[in-house]
Structures are given as structure tokens and as C-alpha cells.
There are 2 protein chains.
Amino acid sequence: MFTVRTRSSDSRARTGTLHLRHGDVRTPAFVPLATKGAVKTLEPRDVAALGYELILGNTFHLLLAPGPELVEEMGGLHEFMRWDKAIVTDSGGFQVFSMGYGGVADEIKGRGRMKSGGPDPDGRTGAILSIAEEGVRFRSYVDGRERFLSPEASMSVQAALGSDIALVFDECTPFHVSREYTERAMERTHRWLERCLRWHAAHASPGQAVYGIVQGGVDWDLRRASAAVVASSTADGIAIGGSLGREKAQMHEVVSWTTAELERLAPDRPRHLLGIGDVDDLIAGVELGIDTFDCALPTRLGRHGVALVPDPAAGWRVDLVKGRWRESRETILEGCRCPACATGFSRSYLHYLLRARELTALRLVTLHNLWFIARLMDDLRAAVDAGRLPELAAALRGGAVPGSVANVARGAPAPGIHGA
Amino acid sequence: MFTVRTRSSDSRARTGTLHLRHGDVRTPAFVPLATKGAVKTLEPRDVAALGYELILGNTFHLLLAPGPELVEEMGGLHEFMRWDKAIVTDSGGFQVFSMGYGGVADEIKGRGRMKSGGPDPDGRTGAILSIAEEGVRFRSYVDGRERFLSPEASMSVQAALGSDIALVFDECTPFHVSREYTERAMERTHRWLERCLRWHAAHASPGQAVYGIVQGGVDWDLRRASAAVVASSTADGIAIGGSLGREKAQMHEVVSWTTAELERLAPDRPRHLLGIGDVDDLIAGVELGIDTFDCALPTRLGRHGVALVPDPAAGWRVDLVKGRWRESRETILEGCRCPACATGFSRSYLHYLLRARELTALRLVTLHNLWFIARLMDDLRAAVDAGRLPELAAALRGGAVPGSVANVARGAPAPGIHGA
């Protein structure tokens, strides 16, 4: 289900194609989130027009509402949400275990603290009732009902959703736990991997690919052991999950350990990096041999009025809510052909709309961010194919504009009105 | 600035064209609200693709934020919001006086009560500081600052915004006041009309048209007197404002009195009915000789998950939030080619998205509603031109689907995916 086209001679970077039931996906690729069955603020036609070929739906959220039975009855997630390209579903492990550890991403990424209850920063209550070898019992944030997720249950939900790629159910551990805890969770994840693959082989539709997940926290030997177990399994692809450390340097190191092992043990299987989407991490991830990435960042930032721009010193971000843009005639990014920039919306207008809480603004910044990331990935793929990734990576890290942001794509609006 | 094409022999209905600085507007037309400089949830390209040629911006809200100085500095409202077709701005009179009377539309439409302070149903505080012949002093809901609107101030703001049509500043009275109060307010409105026209003649850009406003509440003699005053002025067009009564029958009667007078006194000037947009009221309004209508209804209903459908018994509405749609495979409206229906989104999916508070759903129902109203107006225009308005009106009142909803328009998506 994966063919490699070009392997870089300078790094583990590579280009390829995922051959999925709902079409091909050119890699390396970023995968926007359609957490609850919609890319927030956008329609499927918008996402396709931006050039995306794969989106990610969330097993945990879709299990709770509207429920896999309804989605299946409606013909599966593709038909339900009217998206005819590929979908990957995560397993729900990350969300379930995040409930026990508090702030979802923060804790996994080492920024939070373990917690035993009370509302998390998203206003949810840590609602794990029990964690056992069989699976995890928890309380639904939608209706308060007791629910259960296990390797078999997760694969069954993903079969009902009909995704092109299912992820195995893993025990996702945060940064602030002991090596022993991480190791025990990793070993359980390996046992759950086998249960997932067994269920999948027996019950899932043949066209659905399944990815194993490498755990092991920030320990080199655990990551190596986990990579070996997943590589030796029948999983079609391999995802990298769990805690990747407290800082970016550590994260890149952990990813590098893992992809080095995978390059040795499973060089032809696709690799997905879970939950990572900062611009610098995408560049580094491609260099380290990652094929696909998913992350809430571009869409979530968009809804907070933060736009992605080629400004490494500013974290590749500009906060349009800030007062300094009140009178700015600039578009978000000079020369950018995203639906917001090509139409000519000024930072001044976007700033005003964001302050006025107009929903149109959330959509416009989301469109820009997803356009920016899609074109960045276009450029990274082209550079790998041309043997020029080091030059492009250096230029991007120096603040160069991804050349493809100036491309005119299908679905893009005509040149700005008033001849601008 | 207005040419009549066809006058119906069965009623006061007529078709025509408004010739405005930013293009022609075919009438009768519905005018979507871009209250704060954006049609909520949509981009300008969406509004144009739906077929709209005129939108309404709100002087009161744009005065408070971002302020006419900024909009003017940015090149005017068209340039600021990147809409190159026509814009009408209301005068702010309705909003300013609504602050004193409580719930904006409720009170004007006879459903509320006069109030002296405290938050209104929209959470705002009645913040009028003084009403005098010179103008109205009030407190801004944005920053608490004292602000002032008068005939000259309103026209000056509208000149800065650069709208194609400006409305005169009027004293807008609610239903629950005495005839004497309504009469005094009407007479002030007439004096303010002259001040507006004087300011406009001296200062406004020559390309901006200006509409007077007929007041007079629900009294036949006051409406007649007001129509005569406005018709005898130099206003380019005539709007009908103020309280139109407690029930639809009374509203239609008040509109009929007024258009009968206007037909006699100013047959060639365009007529706008302020704040009315129910489907049955649009049909009745066209029959009564109204050329343009503005209303928050289609967009506001859309954001509440209520879709417009040809079901007169249900008020031409279906509430997609209701549980009965949980498993419905139907689109909003069979055969409809709006971006939501043509893509094939089921009521089940929209219901789920609305319950999950996904912003995509607000956009989709808004697109459907504005499509439905635009096509309804297409059909009404065609029927007037063909001399078949009575037949069409009867059919629509009997629940017939406006034929044009099945049209394929520019900007509409390709046929639904999966061959649906």
C-alpha cells in the first residue's frame, strides 16, 4: 500500500505514495484534522481544493457522538461527511489516556502534570473509571454514560467508520511518569497491537490498512524495542506516538532514534508522526524520514486568529488579534495565493473581524494556514525528488517563503477584486 | 438610478434594475446582511456565487468598530471587506432607538415592551443618554464611550463607508407607544430627512444614492402623510421603516397603504422594506410593489440550524437541531442545488454537526438559506416579467418548490460525490 519514489542521499527523507481505498496520497504529507467528522470551519470541497488527499477522523469523539452505529448506517464516515478522498482514524488511545492525565497534548508533550480528576484545561473532567489489560472504562463527556474502549472495540469502531487507515489502540503515557511505568505501558501496547491485528485480520474490510504504534517515551532502548516489535508485526504502516520529550530537540532525537530503527527493520513501510505539525517540526520530520503528520495546530491556530508565516524567529506565526495590525494594509503573506490572501483581505480587516468575533475570520485564517502547510509539503516533496532538500530546509529555516504558496490552484479564487 | 422593466397588471408588483456605482441590481431582490462588514460565516466570493448583487452594512455597528475613519483610510467598505458589488448602509436609527426600547426587532415588531434600562435579550444594555432634536447621545457597547448620532453624523459615516445607497437617519418608534408619540417621532424624522438630504447634497460623493424613510407606525393617516413628505423630497429611493404592526396581516396592510401612496406619488422610485424577510412576507411584499428587502432572518436562522424549505404550514422552516433528524438520509431539500444540498449532506449529518457545535454546519445552513431566498426572488422576478405572479404566489403559498432552487449556478459544487 506504499511505494517509495525517491530516497534522499542526504538524510532519511523520502517521497512516495500511499495507495489507499479512497485514492493515492503523495508523501510526505500533512493530514488535517476532521476530529468530529468535519475540518472545523471548512467544507470538504474546501479541503480538497487546498490540495489535501488525506484527513484524520477521531475514533474517541466519533464513538461518543454520533456513534459508529449511526455512521455505519449512513454508509460510513466518507459518505456521512461527503469526503471522497482518504481518511485515517486514530484509535482513541491518546484521548482516553489524556482524560486521566489532564490537559491532552500538554501532558503527553511534557508541559503538564499528572492529575487524578477535576476539569482539564478544555473544561472536561478526567473520567477514567478503570484501566485494565482488557481495556479502558471511562465516562462519556457527551452524555455521562459509561463507555469502554479496548483493542477490539477500537478496531471495531474504526471498521464501522470505514476509514482507509486504522490505528491500533495503544496506552499513551505522558512525560512525567517513571521509566518503569512507560515500559509497562509499552509492553501492554505491544500486547494490544497483537489483539488489534488479530481482530483486524478476522473482521475488518480488506481494503482498510492498519498502522501499529511505536511507544517507549524518551528512552532510547524502549523506543528501539518498541520499533522492533511493531516492525516485526504485520502492521501495514508504523506510527510514532506517546511522549516525545519536553523540548523540540529531544523530540527530534526521539523521532530520529525511531526512524533509524525503522529504516533498518521496515524500510518500505510508511511512517506517521502523531500530533506534530509545527512548521519546523514538519521540516525536521521530513528529514528524519517521516511520511505523514497530523496535528490540530494549523486549524486550531486559525480559529484563534494566528496565521502561519515564514518567520522562524516568531515561531512561524503572526497573531492577527494583536492591536498592531489595526491599520495594516498587508495581506497575511505577500504573494500568497490562499483564498484569504488572493482575495486581498488585509491584516486590518482580519484583525477587526477577529475582534468582532465574526465566524468568517476563523474560516479565512484556517484556509490560509492549511494552504501554507499544504504548499510547504509540496515544496518539501519536490526538493526531496530533486535531491535539494538540504538547501530548501536551510532556506526555510532562514525565513524563505515556500515558493508554492504563490501557486494558483483549483478552487482558488480569481485575482483579488478591484484589480489588486 | 432605477428603471422599471415590467409592471404587473394584477398587483403593484414590478421588476426593474437599480443602477448603482458598484453595478446593477435586479429587482425585486433580497439583500443579505453584512452587519459588521461580513455576511456571517461566508466569504464575499460565496455571497456573489449565490447570486447576490447587493448586501447591507450597518452604520451603527461599523461606527462603533472599527470606526468610519479606519474604513475610509482602508479605501472604503467595499475595499475593506473585498466586496466589489453594491452595498446599502442603514442609518443607525433603528439600532440606536432599539437600545432604548429593548429587544431590537421584538419591540419594533410589537412583540416586546418599552424599557428604560437593563440588558436587552441580546445581552446589551439600553444605553441611550439623551434624545434631542439635534441627535441621539448613547454609550457604545464596544468600549463604553459616549457616542453621538444625528442626521449629519449618520450621513457622514455612510459617506466614509462609501456605500452605494445611504439611508436617512430616522427616529424609529416601537409598537407600544401612543399615536401622539409616533406622530411626534415621525415629524422629527421628516425634519431629519431634510437635514440628511442637505448634508448629502453638500458633502457626499455624487455616486451615492440616498433613500428617505417612511415612518408613521400603524396609522393609515400618518403613513400616508409620511409617504407624501418622503415622496416630495429629493430622495432617490424610499424605504419603509418603523413599526409595521403586531401581526403579519397588519404588516401587509401597513405596507399596502404605503406602497399605494408611493405608487401614486413616486411611481418610478425604488422602494425598500426594512427588516422583513420571512418567505411569505417576501411574496406579499413583491405583490405590494416592494423592490428590495433586507433581513437578518436567513443568515440568523442558518446559524441556529434552522433551514428554509417550501413548507408554509411550518413557517417555511425546518429545525435541523431537532432529534427527529438523527437518522434522516434526506438532504435539506430534495433537488436543491445549493452548496449544502448539491454536495449531498444529509439532515442526519447536519443535525449531528449542529449538536456538536461544529462551525461548518452554521455555514452550510446559511448557504442553503441564502440560496433558497435568492432562487425564490429569481422565480418571483421571472413570474412578474411573464405576467404569472398570481399563479406563482398561489403555488408557493401551497408549498410548491421554487423551481430555480434546482438551477446550477456558478460557484455551485459539482454533483454530489459518490455518484449521489
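Tutor: Two residues are in contact if their C-beta atoms, placed from the backbone, lie within 7 Å. This is a predicted model, in which local features need pLDDT of at least 70, side-chain atom pairs count only at pLDDT 80 or more, and totals for chains, interfaces and linings use all residues. Residues are numbered from 1 along each chain as its sequence is written, and chains are lettered from A in the order in which they are written.

Student: How do you know that domain 1 of chain A touches domain 2 of chain A?

Tutor: Twelve residues of domain 1 of chain A meet that contact criterion with 15 residues of domain 2 of chain A. The division, domain 1 (2-295) and domain 2 (303-374 + 398-419), rests on bounds from an automatic or database domain assignment. The C-alpha centres of the two domains lie 29 Å apart.

Student: What makes up the side of chain B that touches chain A?

Tutor: In total, 37 residues of chain B are in contact with 38 residues of chain A. Helices H3 (68-73), H4 (77-81), H14 (347-355) and H15 (359-385) of chain B each give two or more residues, a helix being a DSSP run (H or I) of at least four residues, numbered from the N terminus. H14(B) gives the most, with five residues.
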